[in-house]
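Hi everyone, thanks for making time this morning. Let me put the structure up on the screen, and then I'll walk you through the parts I liked.

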Amino acid sequence: MPDMEIKNMVKLFTVLLLSEKEQYGYEIMKEIKKRTGKNVSPGQIYPFLRQLESYNYVEARGRKERDKQAYYLTPEGRRFVKRLSGRFGTIFEIAIKARLTVCAHCGCEIYKGGYKEMINGKSINFCCKNCAKGYMRMDLG
Ligand SMILES: [Zn+2]
């Protein structure tokens, strides 16, 4: 059977999250929202999970109710993700990093707190005040 086509970020994220650990459908929705800021509907997740099942990429355990089933990758699913990550290497990295904020000036990763500055009507993240100053100087210069 040829590889399933992964044509959008929601699908890519779903597969990526499953490769990290077993997930419930609603956990996948919540995690995509957290990492991308986008709302995902059950209609985008559950039919895709069923499709993955039909390819034998995932199996579900738990009661036969949508919210009670945890999905996990099969060995075939893991091989599929490996092929995918070869093809989408950069996107995979971005997806993982999406949960981190990066300082707009020095590029360091901000896990907590940091410093926000409104520039041209946009709230921009920095690790500290000095980076915000440096960034604004750059902008003017
Ligand atoms: Zn910085």
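Let's start with a question: which residues does V15 touch, not counting residues up to four places away in sequence? The list is I6, F48, L52, F80, V81 and L84. Keep in mind, please, that what you see is a predicted model.

V15 belongs to the largest nonpolar core, which has 25 residues. V15 is among those that touch the most other members, along with I6, L18, I32, I45, L49 and L52. Where does this core come from? At least two residues each are supplied by α1 (9-20), α2 (25-36), α3 (42-54), β3 (70-73) and α4 (75-87). The largest share is that of α1, with seven residues. Apart from this core lies another one, of eight residues, including I124, C131, A132 and Y135. Hold on to C131, please; we'll come back to that residue.

Staying with α1 for a moment, T14 also sits in that helix. T14 has a relative accessible area of 0%, so T14 counts as buried. Beyond its neighbours within four places in sequence, T14 is in contact with I28, I32, I45, F48 and L49.

Now over to β3, the strand that holds A70. A70 is buried too, at a relative accessible area of 3%. For the protein as a whole, residues 24 or more positions apart account for 41% of the contacts with a separation of 6 or more.

Next, the metal. Which atoms coordinate the zinc ion? They are the SG atoms of C103, C106, C127 and C131, at 2.2 to 2.4 Å. The angles among these four donor atoms run from 104 to 114 degrees, and the site is tetrahedral. Along the chain, the donors follow the spacing C-x2-C-x20-C-x3-C. C103 lies in the loop between β4 (101-102) and β5 (109-110), while C131 is in helix α6 (residues 129-140), so this pair ties together parts that are 28 residues apart in sequence.

Are these cysteines buried or exposed? C103 and C131 are both buried. C106, on the other hand, is partly exposed because its relative accessibility is 46%.

One more cysteine deserves a word: C128. Its sulfur is 3.8 Å from the closest cysteine sulfur, the one in C127, and that is too far for a bond. The cut-off for a disulfide is 2.5 Å, and the count by this rule comes to zero disulfides. With a relative accessible area of 29%, C128 is partly exposed.

The protein has six helices and seven strands, and 33% of its 141 residues count as buried. Its mean pLDDT is 84, with 87% of the residues reaching 70 or more. Where pLDDT is low, the predicted coordinates should not be read in detail.

That's my tour, and I'm happy to take questions.

Notes. Residues numbered from 1 in each chain as written. Predicted model: local features only at pLDDT ≥ 70, side-chain atom pairs only at ≥ 80, totals over all residues. Heavy atoms only, no water. Donors = N, O, S within 2.8 Å, 3.2 Å for Na, K, Ca; no water. Tetrahedral: all angles 85-135°; square planar, octahedral: opposite > 155°, others 65-115°. Helix = DSSP H or I, 4+ residues; strand = E, 2+ residues; numbered from the N terminus. Buried < 20%, exposed > 50% of the residue type's maximum accessible area, 1.4 Å probe, protein only. Core = buried A, V, L, I, M, F, W, Y, C linked by side-chain atoms within 4.5 Å. Contact = heavy atoms within 4.5 Å. pLDDT = per-residue confidence, 0-100.
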